Amino acid sequence: MWVHRKFVGFSKVRIICLIIAVLLLSGCSDQWGWYVVNPSTESGRDNLYFLLSGFYYTILLSLTAISISIITGLLIALLGLSDNKFLRTVNRTYVEIVRSVPVLVLILWVYYGLPQLADIQINVFWAGVLALALSDSAFEAEIFRAGVQSVNKGQYEAAKSVGLSYLDTMRYVILPQAVRRILPALGNQLVYMLKMSSLVSVIGMPELTRKANELVVVEYRSLEIYTILVLEYLVLILIVSSAVRWLERRWKN
Amino acid sequence: MSTIKHKNNSPPLIRMSQVSKFFGKFQVLKRISLDVKLGEKMVICGPSGASKSILIRCINQLESHQQGKIYINGTELDDSSSSAKLVRQNVGMVFQNFNLFPHLTVLENLTLGPIRARKFSKADAQDVAMRYLERVKIPEQAYKYPRQLSGGQQQRVAIARSLCMEPKIMLFDEPTSALDPEMINEVLEVMSELADNGMTMICVTHEMAFARRVADTMVFMDHGKILEKGSAEIFFESPKSERCKAFLKKIQRY
């Protein structure tokens, strides 16, 4: 088991090195102009810094959105697990509606539509957070519901027999077990969220994708700049997924 | 002895009166009536499918009943939260599959109920927990997780967890059925000691040697009905119904 995991770790690093090496070697051909991001020149350094600075909003946006969507998702899931038929219907309706709207459409609607509808001011950051969190919460709700339902019925009975209330049962007995089981799925959602955050570039959020777009307009070197963009997401998501796997291993004990 | 005085004067700790339960149209409990007095040890036996477990699960409201009445300490159970409190204060339960909380240590398993439901401080709850762990003879396992223990040890932890709520009556739902043969005795010993110390108990079990040693009252059930109920001596020496005779003969053959 241990050996197997070690092997996966190595091969992943190797694949990344290979990709980077191919990209750098390809700089020898005529089609590539790596000078736009050449760190040994002043302008190259500036461009590189400009691209990398997008990490700030990509990470901030994704983390804020996923925190909100996990909390909302949990609440929606609890509605779905209730004995009350009306609350279960609320859960189903929410999940079905939100899940059917494409993230990009939701972003446009929240940023351009919602302010008119509700007569409020909303800035790009919070519009992005709201749209991503809304979209993700439906998936989180389904994940939590599956996790809670996977916990043995005997656990509820034991909790009841030592006098725990419904909320205490959830908080101390059921959710701690459910979360351990759904951690891989939650990790997937975080990765998904990081990638979806690139869509918020359409409303002008200065995150990774937007920065790359802006630089392409100035430098006309789309191949190199978008390649850097690919690598940025690749590195970010690989770090996140190994962090999730580390947490999984730790919680197994 | 105080138990004898209670037997005459106070209402029974548990009274079931004409209790019926249905799953859809199928009747699983048929007009069950029984009384359990303070200090009484009742053993319920019968073939599988007799609804023995469902009967005791009705007492602590893990199952609802549709007809009849159940009283604890003279108060009728209903859907109210005061009823739930009454059950929690009076009734402990030990399950066939232990149902320990796998993500908590033994000590945390024991202190969760006292801290959350009885509002004990952590230190007080731990004192109580250690006292009962000593009583079930595994204080040295306090900081382990359930999966690190043998089945017999896990069931003893489950007994201690129930005792930490200091109930007046303990329900045992086939507590040794999921255990390897060599671990059955350590659990039965703990249960016998509890009985000797005056705990009121209702046990669903097939351990007839244990029943002979501990039970005041034997109940024999089949198809959701009580077919025979009486003092243990009479039950074992001269069972009345044919069905009960056949059952005893079968399980005591070896």
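Mentor: Gladly. Let us begin with what a helix is here: a DSSP run of H or I with at least four residues, numbered from the N terminus. Keep in mind that this is a predicted model. With that in place, α7(A) is the element that gives the most to the lining of the largest pocket, with six residues.

Trainee: What makes a residue part of the lining of that pocket?

Mentor: A lining residue has an atom within 4 Å of a pocket point. The lining has 20 residues, and A:Y156, A:A159, A:K160, A:S161 and A:L164 lie nearest the centre of the pocket. Two or more lining residues come from each of α7 (153–161) and α8 (166–196) of chain A and α3 (81–90) of chain B. The space in the pocket is about 540 Å³.

Trainee: How many of the lining residues are called nonpolar, polar and charged?

Mentor: Eight are nonpolar, seven polar and five charged. Asp, Glu, Lys and Arg count as charged.

Trainee: How do you know that the structure holds zero disulfides?

Mentor: A disulfide needs two cysteine sulfur atoms within 2.5 Å. For B:C45, the closest cysteine sulfur is in B:C244 at 6.2 Å, which is too far for a bond. For B:C203, the closest is in B:C45 at 11 Å, again too far for a bond. Over all chains, the total is zero.

Trainee: And why are B:C45 and B:C203 called buried?

Mentor: Buried means under 20% relative accessible area. B:C45 has 0% and B:C203 has 2%, so both count as buried.

Trainee: What makes strand β8 of chain B largely enclosed by the rest of the structure?

Mentor: Five of the five residues of β8(B), residues 200–204, are buried, so the strand is largely enclosed. In a regular strand the side chains alternate between the two faces of the sheet. Here both faces are covered: B:T200, B:I202 and B:V204 are buried on one side, and B:M201 and B:C203 on the other.

Trainee: Why are β2 and β5 of chain B called edge strands?

Mentor: They belong to an open sheet of four strands with antiparallel pairing and the order β2-β1-β4-β5. Each of β2(B) and β5(B), residues 75–76, pairs on one side only. Within the sheet, β1(B), residues 14–23, pairs with β2(B), residues 26–36, over seven bridges, and B:V19 has B:I32 as its bridge partner. β1(B) is also joined to β4(B), residues 67–72, by five bridges, and there B:S20 is partnered by B:Q67.

Trainee: What lies between β1(B) and β2(B) in their hairpin?

Mentor: Two residues lie between the strands, and B:G24 in the turn has a positive phi of about 65 degrees.

Trainee: Last one: why is chain B called as compact as a globular protein of its length?

Mentor: Chain B has ten helices and ten strands. Its radius of gyration is 18 Å, close to the 18 Å that the globule rule gives for 254 residues, so chain B is as compact as a globular protein of that length. Its C-alpha atoms fill a box of roughly 50 × 45 × 45 Å along the principal axes, and buried residues make up 54% of the chain.

Terms used: Residues are numbered from 1 along each chain as its sequence is written. Chains are lettered from A and ligands numbered from 1 in the order in which they are written. This is a predicted model: local features need pLDDT of at least 70, side-chain atom pairs count only at pLDDT 80 or more; totals for chains, interfaces and linings use all residues. Side-chain values use heavy atoms; hydrogens and water are left out. Two strands pair if DSSP finds at least two bridges between them. On a 1 Å grid over the protein atoms alone, a cavity is a set of points where a 1.4 Å probe fits but cannot get out, and a pocket is an open set with protein on both sides within 12 Å along at least five of seven lines; lining residues have an atom within 4 Å of a point. Grid points are joined across faces, edges and corners, and a volume is the space filled by probe spheres set on the points. Buried means under 20% relative accessible area, exposed over 50%, partly exposed in between (1.4 Å probe, protein chains only). The radius of gyration is taken over C-alpha atoms; the globule rule is 2.2 Å times the number of residues to the power 0.38.
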